[in-house]
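Please examine the structure shown below. The account that follows leads from one local detail to the wider architecture and then to the contact between chains.

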Amino acid sequence: MKGLLLKDFYTLFKQMKIMLLILVIFACMPGYSVASFAIFYAALLPVTALAYDERCKWNELAVMMPYSSRDIVLSKYVLGFIFVLAASAIAAAAQFITAALGSAAPDTGALLSLLLSACLSLILLDVNLPIMYRLGVEKGRIAFIILIFAGVMSAVSLGDRLIAVLAGFHSLALPTAGMLLFTVLFSAASAALSVNIYRHKTN
Amino acid sequence: MNAIEINGLVRQYSGFTLGSLDLALPSGSIMGLVGENGAGKSTTIKLIMNAVSRDAGTVSVLGVSNQDAAFTALKEDIGVVLDEAYFPEVMSAKNVGSVMKNTYRKWNGKVYQDYLERFSLPPDKAFRDYSRGMKMKLAIAAALSHDPKLLILDEATSGLDPMVRDDILNIFNDFTRQADHSVLLSSHIVSDLEKICDYIAFIHGGRLLFCEEKDRLLEEYALVRLPKERLADLPEDSIIGQKCSEYGAQALVLRSRVPEDLPLEHTNLEDIILFLARGDQKA
């Protein structure tokens with residue numbers, strides 16, 4: 001799988017140098033809202049890599065190499081995890097540095113928000129990839145936008161109830177741990193679904 | 001041992017069926033896969049590599065069924081060049097080398113570097129700026145640099161100039177000097193196949209018309225030129241195909257079935273394939 005990841009890194013770094021630089025700058029911004037945007041953007045990079053693969057028909061060659069369908073699909077999840085972790089780590093480091101410069105303790109709320117953003121962006125990736133493997137990147141993007149719009153509208157309508165539920169917790173540790181566990185399980189389920197879709201599609 | 005063994009292979013698409021296909025490529029030899037566009041050559045190669053599913057039949061490559069879990073690892077020993085190179089356009093030959101180094105355990109950077117120099121491929125130039133010939137040469141260099149035992153080449157020499165094609169055909173020829181090295185080469189350029197192949201498999205309309213030793217084919221068939229009205233004098237079962245014009249007739253015949261005193265001309269692979277493909281024009 002290392003070869004597949006390396007191929008994606010070469011492609012993304014060569015095609016998107018400026019965007020990646022902007023992503024790093026955003027991740028370093030104080031507070032968490034702009035940094036969260038950088039983390040969400042990082043989760044979309046595997047889809048960009050998938051679009052480049054489609055354009056050059058890379059998968060036709062990859063299936064001739066010692067890679068299984070599982071390797072080919074999972075490499076995109078691993079790529080997403082690496083980018084989200086990197087963006088989150090940069091953002092967290094920036095929070096610590098800003099706090100240290102101001103001789104203050106890092107804002108726990110901001111750090112938890114970054115962790116929540118990382119989990120949500122990975123869930124976003126988990127929703128995104130099976131759609132892309134099923135419909136292809138071009139049609140998949142439209143389906144994804146519709147799905148996200150529906151998701152946001154539902155979240156807005158449930159917003160007050162959600163806040164009430166969260167307010168019921170005395171500490172954020174439990175919901176944060178729950179969120180992490182949910183992200184891991186959701187990613188595993190999404191990856192299994194994507195592998196299945198990919199196998200059926202290539203056959 | 002056979003490098004590739006195909007038995008009763010069938011793949012159905014709407015409006016096209018490939019097979020049933022039975023074919024064997026003996027180790028240490030080169031087989032040419034020939035046929036017109038859409039005959040099923042690329043599908044056959046995809047089926048051999050288990051890149052598409054089959055409806056019936058079995059395929060074993062280097063002694064392993066291509067549906068075994070072990071087949072993915074066995075691909076280490078198979079070098080494949082498709083009709084296009086399919087590398088990401090921003091990558092350079094150097095990047096391709098790094099990706100392949102992390103893909104194949106037996107990747108040999110020195111061999112790859114030697115091929116880049118031999119083919120005059122600039123290592124830092126982006127793949128999108130290569131000509132078609134350069135792209136194919138890069139794909140061939142990559143396929144040859146991980147010590148494969150079997151090369152599978154789908155129209156790998158198309159788009160190359162005759163000098164380079166000749167050089168590459170020599171490389172393929174040298175490759176099979178080792179007894180356990182074999183090549184399956186699909187091409188439209190029949191003269192290339194005639195130059196290096198030991199066996200020829202001809203696919204027409206999804207069916208395998210023959211899979212024979214090249215020398216035997218050339219010995220078995222001959223050309224006859226004669227006036228149109230004398231065609232009827234030839235034994236009917238001797239004629240494989242025929243072409244008539246206002247100047248006379250030309251027929252591909254089986255040497256063993258025609259009278260000994262009939263003046264015969266040597267034929268070549270291209271004629272055999274053309275006559276067989278147009279066999280329906282007989283009569």
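B:Asn2 has B:Pro26, in β2(B), as its bridge partner. The strand β1 of chain B, residues 2-13, runs antiparallel to β2(B) and is joined to β2(B) by eight bridges; strands pair if DSSP finds at least two bridges between them. This is a predicted model, in which local features need pLDDT of at least 70, side-chain atom pairs count only at pLDDT 80 or more, and totals for chains, interfaces and linings use all residues. Residues are numbered from 1 along each chain as its sequence is written, while chains are lettered from A and ligands numbered from 1 in the order in which they are written.

An open, antiparallel sheet of four strands has the order β2-β1-β4-β5 in chain B. Its edges are β2 (16-26) and β5 (64-65) of chain B, each of which pairs on one side only. Helix α1 of chain B (residues 41-48) lies across β1, β2 and β4 (56-61) of chain B, at about 115 degrees to β1(B); axes are lines fitted to C-alpha atoms, for helices over the stretch in contact, and angles run from 0 to 180 degrees between N-to-C directions.

Chain B as a whole has nine helices and 13 strands, these being DSSP runs numbered from the N terminus (helices H or I, at least four residues; strands E, at least two). The C-alpha trace of chain B spans about 65 × 40 × 40 Å along its principal axes.

The contact between the chains takes 21 residues from chain A and 23 residues from chain B, where contact requires C-beta atoms, placed from the backbone, to lie within 7 Å. On the chain A side, α1(A) gives the largest share, eight residues.

Conventions
Contact = placed C-beta atoms within 7 Å.
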